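Subject: Structure handover

Hello,

Here is the structure I said I would pass on. My notes on what was found in it follow below.

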Amino acid sequence: MKKFTFAIKWHEILKPYSDDIRREVYDAIIEYVATGNIIEMHPVSHMAFDFIRYEIDEKARRKEECLANKQQKALGKAQTTEPEEPYDTDKIAESYLSSGKLSSQLVVQSGKVAVIVSKEHVYGFVKRCVSEMLDRKLTPAGDEKRFISTLHMIASNRLNIIRQDLRALPAEKDFTDEVWNSIVDRACAQFPK
């Protein structure tokens with residue numbers, strides 16, 4: 001379930017307008033937050049909505065920026081020593097998924113269609129996160145618990161973006177490997193290397 005905070009100041013700004021205008025703006029806000037779509041509305045409603053939409057977009061941008069900064073800080077704190085023997089990304093991904101920290105299957109409601117992401121897709125996604133961490137020398141040498149904790153944060157942050165992109169898929173678009181890979185690529189690209 002997607003959540004957002006409705007600012008009281010929006011209500012205060014809209015108080016002088018008619019009930020129809022207020023309802024139209026409220027409906028437009030909810031539709032925009034839920035789907036990203038802008039509905040048709042009266043010009044006065046549209047003008048008020050545009051001011052509010054700017055605040056919604058700015059808050060979302062700051063939230064994404066904050067997530068990226070937190071991830072970068074966690075990556076900086078992670079262990080960077082070389083392991084004595086190479087780590088097996090399959091083994092780490094399996095261990096992580098079996099720990100129950102991340103569901104091995106995603107079901108995302110997109111409009112009236114449920115997108116079911118297979119266990120193999122989720123497994124491949126986690127394996128990619130592990131590979132990126134190992135490429136950056138963020139190995140679990142000496143502190144596997146810290147490594148798994150960092151992996152959980154990275155995977156969770158990226159999955160939030162992936163869920164949003166899956167929800168935004170048009171109902172007529174088929175969920176294919178190419179769609180999944182492009183959504184994962186976009187989510188992974190948003191965080192600093």
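The largest nonpolar core has 29 residues. Such a core is a set of buried Ala, Val, Leu, Ile, Met, Phe, Trp, Tyr and Cys residues joined through side-chain atoms within 4.5 Å, where buried means under 20% relative accessible area with a 1.4 Å probe, protein chains only. Phe125, Leu151, Ile162 and Leu166 have the most contacts inside this core. Two or more residues each come from helix H4 (89–98), strand E2 (113–117), helix H5 (119–135), helix H6 (144–167) and helix H7 (177–189). H6 gives the largest share, nine residues.

This is a predicted model, in which local features need pLDDT of at least 70 and side-chain atom pairs pLDDT 80 or more, while totals for chains, interfaces and linings use all residues. Residues are numbered from 1 along each chain as its sequence is written, and side-chain values use heavy atoms, without hydrogens and water.

Leaving out residues up to four places away in sequence, Leu151 touches Ile92, Tyr96, Val126, Cys129, Val130 and Met133; contact means heavy atoms within 4.5 Å. A second, separate core has 13 residues, including Trp10, Leu14, Val25 and Tyr32.

As for the chain overall, there are seven helices and two strands, taken as DSSP runs (H or I, at least four residues; E, at least two) and numbered from the N terminus. Their order from the N terminus is α-α-α-α-β-β-α-α-α. Of the 193 residues, 34% count as buried.

Regards

Key
Buried < 20%, exposed > 50% of the residue type's maximum accessible area, 1.4 Å probe, protein only.
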